[in-house]
Amino acid sequence: MLKTDDAPVTSTAINDVAAIKQSLADHLLYSVGKDVQLATSRDWYLATAFALRDRLISAWMRTMRSYYDNDVKRVYYLSMEFLIGRALSNGLINLGLYDAFREATESLGYDLDELQSWEVEPALGNGGLGRLAACLIDSMASLGMPGFGYGIRYEFGMFTQHVEQGWQVESPENWLRYGNPWEFQRPGVIYPVRFGGRVVRFRDADGRWSSQWVDAEEVMAMAYDVPVPGFGGRTVNNLRLWAAKSTREFNLKYFNQGNYIEAVRDKNESENLSKVLYPSDSTDRGKELRFRQEYFFLCASLQDILARFRKSHNNFDVLPDHVAIQLNDTHPAMTVAELMRVLLDEHHYEWDRAWTITVKTCGYTNHTLLPEALETWPVDLFERLLPRHLEIVYEINQRFLNGIRHRWPGDSDLLRRVSLIDEAGVRRVRMAHLAIVGSHCVNGVAEIHTDLMKSTIFADFERFQPGKITCKTNGVTPRRWLLAANPALAKLITAQIGDGWITHLEELHGLVPLAEDEDFRNQFSLAKRANKARLAQVIEQRLGVPIDTESLFDVMVKRMHEYKRQLLNVLHVVTRYNRIRANPTAFIVPRTVIIGGKAAPGYAMAKLILKLINDVADVVNNDPLVGDRLKVVFVPNYNVSTAELIIPGANLSEQISTAGTEASGTGNMKLALNGALTIGTWDGANVEICEEVGEENMFLFGLTAQEVARIRRDGWDNGAAIAGNTELAQVLDMIRSGYFSPEQHDRFLPIIDSLTVGGDHYLLTADYEAYIATQERVDRLYLDPEEWTRKAILNVARMGKFSSDRTVTEYGAEIWNVKV
């Protein structure tokens, strides 16, 4: 008999249907604690999760052991977000056990899809940042790369989005209410994280000046581990999440005095650190909580990384040979100062030696070109909560600026631009500058994004160290976003070209000749129709809006933000509505506009645009003159599970951000991979998708990033643009006059003001005419279903570049020095 930890994950001994059925029954009884007669479908879901988890653990332990045995270099991916989605379907697919588990559950009287629906999606992220992180750790495991994720175990996520009378309403996202069968609590892996206190300077035994951070308050960080299986189950990596725990659980003295609130005050304040993702920063207390959150997670992560390193090594000079730390955006940028503090104060390295180790160990991924989105923190907040780190930041800055002075003497404006401290107004620490200076490599996430980093916001840094800023274009995991999300299309593809595409997405290119095959086009269309029918059914069930499955499904699903221009989409919807109303007997291509995305709780304009979407939908969907020719649907609480439903059913993918504002985007990749044609601007990864699939197979329009920069420099006459376009003027007048808000005529005046007297910063009036003309091209093509399908197939076939496996391979070879 094979020992458990030696058994391959695909061993028929534990993975035949009979063994799985026995495992399900055992877990229902011994893990869930339910009798078969009383068990609910949720109980059976838990039993199924535990049964699959059993089959992960041996491979997980074997993977971890092999990393120690071979003393491999490990990659640590630090991210405030990990939108990992549901684990059951992902694990079943990656371990090749989907069919066996389906047969086993059906023999017990339960449908596997129904059981999967009980899984509550982990609320560990909000948007593309977290989904990218999830795709990358999936690819690391699938490629056999020693990669680990580090993040926060948010108890309540960001928020659950409801829509009440058209407004976004937020409620706690209590995803842990019923427990999480996929995590392993590690009470023995716990680290102190300190805040406040003061810095003491003294001479050590060798007469050298040293610093010690004293009198600080402490919070404890406890680890929770989530296994991350790669495709095939040979490698199972780890995602470690931190939960905040108080060092003082309970004050019995206060309790016995009847002061029950004071008895648990310390515990509650400490544990707030891991309660919510991105607490609102509209108040000083919210800003401080977010700042504490960021340091909490990176400090615990770094302690854990170094503890693991020291099990095999006692010389930190070799740390970069065994550890690569990737900072996903600026949230973990303080890692640079924290690693320096540990090396300087705890291990007594001299500065230059510690700095060399730190820079060689860290890499930084930038995700934004918007200056206002680059994190900065007030110096006084730093001084109060992390006094020693502020000293280190000052020293890093001083040494960095001295180097600049030597090369460019007398250029005070240059020093001001690149300084780690923004001296204008309230002094602030520029976290992106800290990450750039403290990393050996900085990367953008699309070619145009990287070029703009070099030529705009970080042009000075590119001048100092040419080549330090590189491009690593984002990708998505084909396991989640095609194999799992779109089984109908995945089966069709595999039947034609085999299943090699699952791990080598470039093999999709074998579909190119099939775009000319009438039979394959018909099968491709049938798969799309089935996905649209499934989506339409769910929309009617959840939202009560019946939609025509023959209509063009026009999809825009992404975080609500002005630069992403959901508002431009609304302007097109109203234009289309007006055309129908003006000529109700004329033929127009039926269209269903599907929008989803959350607005940050403190982002008033984004929430008002969301309200406008719903008010327009209310008018359009109930106008008898319009009928089924135009429907507008806002799908609340957009998340990974909802994306897996919407994306396979999309015909058209809206990627219409102002050129030069979107770093990359990954929704554009997922939608194209699932056979949606893109209508988009020359922004982010749209440009590279165009290079791969061909401009003739997309609908690109509007200003380029260079044209946007010129207009912003020279000025834009938005008034003339509005006056010169009667349709645009009519649309804006309708919104301004309260046509869509009769109970409050001035409700949307802030939106109108942003496009008129506010100067139209995101240039909707500049791109409107081209956008409407391009939408007319979309309509014309949709009237030719054979040609539409041919282009859709070519989109799928040419998406091979956009696998996160390729992204991770490039990171490994060019940044982390880890081969796969």
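Me: What is T658 in contact with, leaving aside its neighbours within four places in sequence?
Reply: T658 touches Y563, R565, D683, V708, R712 and Y762, where contact means heavy atoms within 4.5 Å. Keep in mind that this is a predicted model: local features need pLDDT of at least 70, side-chain atom pairs count only at pLDDT 80 or more, and totals for chains, interfaces and linings use all residues. Residues are numbered from 1 along each chain as its sequence is written, and side-chain values use heavy atoms, with hydrogens and water left out.

Me: And where is T658 found?
Reply: In the loop between β20 (652-655) and α27 (667-673). Helices (H or I, at least four residues) and strands (E, at least two) are DSSP runs, numbered from the N terminus.

Me: Is T658 buried or exposed?
Reply: T658 counts as buried, because its relative accessibility is 0%. Buried means under 20% relative accessible area, exposed over 50%, and partly exposed in between (1.4 Å probe, protein chains only).

Me: Switching to helices, at what angle do α13 and α16 pack?
Reply: About 100°, with the axes of α13 (residues 335-346) and α16 (residues 387-407) 9 Å apart. Axes are lines fitted to C-alpha atoms, for helices over the stretch in contact, and angles run from 0 to 180 degrees between N-to-C directions. That makes α13 and α16 roughly perpendicular to each other (under 35 degrees is roughly parallel, over 145 roughly antiparallel, 65 to 115 roughly perpendicular, the rest oblique).

Me: Which residues meet there?
Reply: From α13 you have V336, A337, E338, M340, R341, L344 and D345, and they meet R388, H389, I392, V393 and I396 of α16. By class, this contact has seven nonpolar, one polar and four charged residues. Here Ala, Val, Leu, Ile, Met, Phe, Trp, Tyr, Cys and Pro count as nonpolar, Asp, Glu, Lys and Arg as charged, and the others, Gly among them, as polar.

Me: OK, aromatics. How many pairs?
Reply: The count comes to 26 aromatic pairs. The rule is that rings of Phe, Tyr and Trp (its six-membered ring) pair if their centres lie within 6.5 Å; planes under 30 degrees apart count as stacked, over 60 as edge-to-face and the rest as tilted. One of them is F316 with Y349: the ring centres are 6.2 Å apart and the planes sit at 75°, so the pair is edge-to-face.

Me: Where do F316 and Y349 sit in the chain?
Reply: F316 is in the loop between α11 (284-310) and α12 (319-322), while Y349 is in the loop between α13 and α14 (351-361), so to speak linking distant parts of the chain, 33 residues apart. Both F316 and Y349 are buried.

Me: Which residues do ring pairs link into a cluster?
Reply: Y67, Y76, F148, Y150, Y191 and W242.

Me: Last one: what's up with the phi of Q165?
Reply: Q165 has a positive phi of about 55° although it is not a glycine. Q165 is in the loop between β3 (160-164) and β4 (167-171), and it is exposed at 75% relative accessible area.
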